Amino acid sequence: MHRRRTTGRGTSPATKISHQPPRLLIVHIAVPSWDDICPNLCEALQNFFSIACSLMGPSRMSLFSLYTVQKQHECVLPFVQVRGNFVRLQACISELRTLQVEGCYRPSHTLLPLAVEDGLQQFKQYSSHMATNAAQPLTSLEITVLTSQPGKEVVKELEEGLKDINLLSVRRLQVVEVTKGIQEHTDSPSPIEEPSNDESSILEADIVLETLDNDVVSMEVFFKAWLHNTETDQENIHLFLTPQSLPPSSRAKDNPICLKCDLQERFLSPSLLPGTADSMSRIDDPKGDISTIYQMASLSSDSPYKLQVIKALKSSGICESLTYGLPFILRPTSCWQLDWDELETNQQHFHALCHCLLKRDWLLLARGEPLIPRHNQSLPACSFYVITPSHSLTLLVKLVATRELMLPGFFPLLSEDPPEDSLKIIESTLDSLELGLTYNPLQVGSHLYAHLSSAHAKPQGRPYTSWAGRGLRKEDQLQTNRARAPVVPLPVTPAPGRALKKSAASKAASGTFLPSDSEDEYPSQT
């Protein structure tokens with residue numbers, strides 16, 4: 001089954017890489033599992049938003065909204081800008097925590113579709129309201145339903161309840177079943193399971209099903225996937241394997257191989273986070289170093305960025321001290337503009353390349369396509385990269401130093417045998433260390449979450465200046481920190497005079513979108 005695409009197709013790669021869809025999270029609350037899930041979910045959300053709200057550079061997550069479904073569906077947080085809104089998001093998470101003491105009820109089968117419909121209505125109203133201020137219009141929404149109930153039953157419930165609803169604005173509708181078991185932590189979510197029945201074909205958007213372990217780290221990994229670039233309008237990289245040193249006639253006869261690849265970051269650059277950038281080298285900063293491959297790919301205006309393989313190297317033939325910058329992952333593209341035969345052939349060639357490089361114990365040295373600045377006739381500098389194979393269907397790409405960057409270095413070689421006394425002391429010290437087989441970053445914490453959360457808690461800049469902000473602050477002092485929905489929630493059951501009341505309430509609620517904690521009340525969506 002083909003997933004319906006609703007994203008714009010005329011934007012530049014730079015815009016596509018930075019623009020991410022708004023997210024709607026619906027938390028499906030049910031007894032007795034909520035008491036076990038709530039603490040882990042709230043801690044994971046708090047940690048995730050401490051990072052997401054702090055990231056500098058292009059926005060990786062534009063808008064977020066949260067609904068809960070128990071005895072009724074409720075909008076806990078209407079759509080708000082993520083960047084600069086940690087205090088408001090933290091208040092929303094605090095309210096989510098209180099649900100474990102307020103009591104939970106088994107949800108009705110009609111409430112989840114109503115929550116999806118209500119969130120979609122709110123998104124459309126928000127999009128219409130922001131259309132005049134946004135540099136790029138909001139056209140699609142990703143919806144995630146988090147539940148402890150059997151996932152297939154929830155999928156069936158959504159399919160039945162949404163079959164008459166217009167879902168053209170939904171880019172992705174996902175059901176995540178939280179399981180009780182805790183598996184070994186990995187840095188990727190559990191495999192996605194497509195619905196086995198054919199009933200989802202009646203919807204205008206496919207429903208995907210995924211399982212998630214009930215622990216903080218697994219939930220963090222799941223939410224952090226929202227920070228990845230997920231656009232598939234165009235592949236990011238063209239990797240040319242045939243050397244350009246061959247005569248043109250030979251290259252044409254051999255049918256040069258070009259692998260079409262997508263980029264994925266391995267980790268976030270510390271230089272993008274406040275409090276860490278000033279104390280670290282900025283050479284790997286993708287917003288400050290034009291030679292990073294991700295930045296180069298985003299600046300390619302009309303076509304994917306090109307990498308030309310120059311030669312092969314033995315894996316032991318390069319010193320680690322010569323590589324620098326953030327590493328990036330290459331994987332076979334999933335661009336929707338390519339036909340299925342081309343996608344399959346490209347993936348098979350990619351697989352074969354990884355296999356051959358591992359078998360031969362080779363690396364690849366590649367030259368990046370130089371970008372020619374406008375109004376500049378000088379010869380542009382190019383960058384060089386070393387490409388390392390993996391046992392997964394990926395290639396690791398790292399920048400490698402060139403002659404112009406090298407500084408002289410003369411290091412004495414080790415003598416055959418160090419002094420006996422020193423050797424015994426060092427060997428005894430090393431024997432006292434715990435020996436690990438691998439390094440798992442998910443088991444090593446740097447207290448960064450706590451640092452960012454405390455930084456957000458400190459007063460920054462001037463307080464709310466708009467009447468909406470003053471009204472919100474006054475209401476918070478009198479009642480709670482709960483954010484009110486900017487649209488009228490859909491009723492659970494029809495009531496007499498409903499249309500008249502809804503019309504009056506809509507007039508009262510118009511123009512009550514909550515401002516961001518940042519200075520701009522309605523920042524652009526770039």
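The following legends describe close-up views of a predicted model. Residues are numbered from 1 along each chain as its sequence is written, and side-chain values use heavy atoms, without hydrogens or water. In this predicted model, local features need pLDDT of at least 70 and side-chain atom pairs count only at pLDDT 80 or more, whereas totals for chains, interfaces and linings use all residues.

**View 1. The aromatic cluster of F48, F49, F64, F222, F223 and W226.** The whole structure holds 10 aromatic pairs (rings of Phe, Tyr and Trp, the latter by its six-membered ring, with centres within 6.5 Å; planes under 30 degrees apart are stacked, over 60 edge-to-face, the rest tilted). One of them joins F48 and W226, whose ring centres are 5.9 Å apart with planes at 85°, so the pair is edge-to-face. This pair links distant parts of the chain, 178 residues apart: F48 belongs to helix α2, and W226 to the loop between α6 (216–224) and β8 (237–240). Helices (H or I, at least four residues) and strands (E, at least two) are DSSP runs numbered from the N terminus. F48 is buried at 1% relative accessibility, and W226 is buried at 4% (buried is under 20% relative accessible area, exposed over 50%, partly exposed in between, with a 1.4 Å probe and protein chains only). The rings of F222 and F223 are also edge-to-face, because their centres lie 5.5 Å apart and their planes meet at 65°. Both F222 and F223 are buried.

**View 2. D36 in helix α2 (residues 34–52).** D36 is exposed, with 53% relative accessibility. Its C-alpha atom is separated by 8.0 Å from that of N214, 178 residues apart along the chain.

**View 3. R360, D361 and W362.** R360 lies over the face of W362, at 4.8 Å from the ring centre (CZ of Arg or NZ of Lys within 6 Å of the centre and within 35 degrees of the ring normal). D361 occupies the loop between α9 (340–360) and β12 (362–368). Although not a glycine, D361 has a positive phi of about 60°, and D361 is partly exposed at 38% relative accessible area.

**View 4. H447 in the loop between α10 and α11 (448–457).** Phi of H447 is positive, near 65°, in a residue other than glycine. H447 is exposed, with a relative accessibility of 67%.
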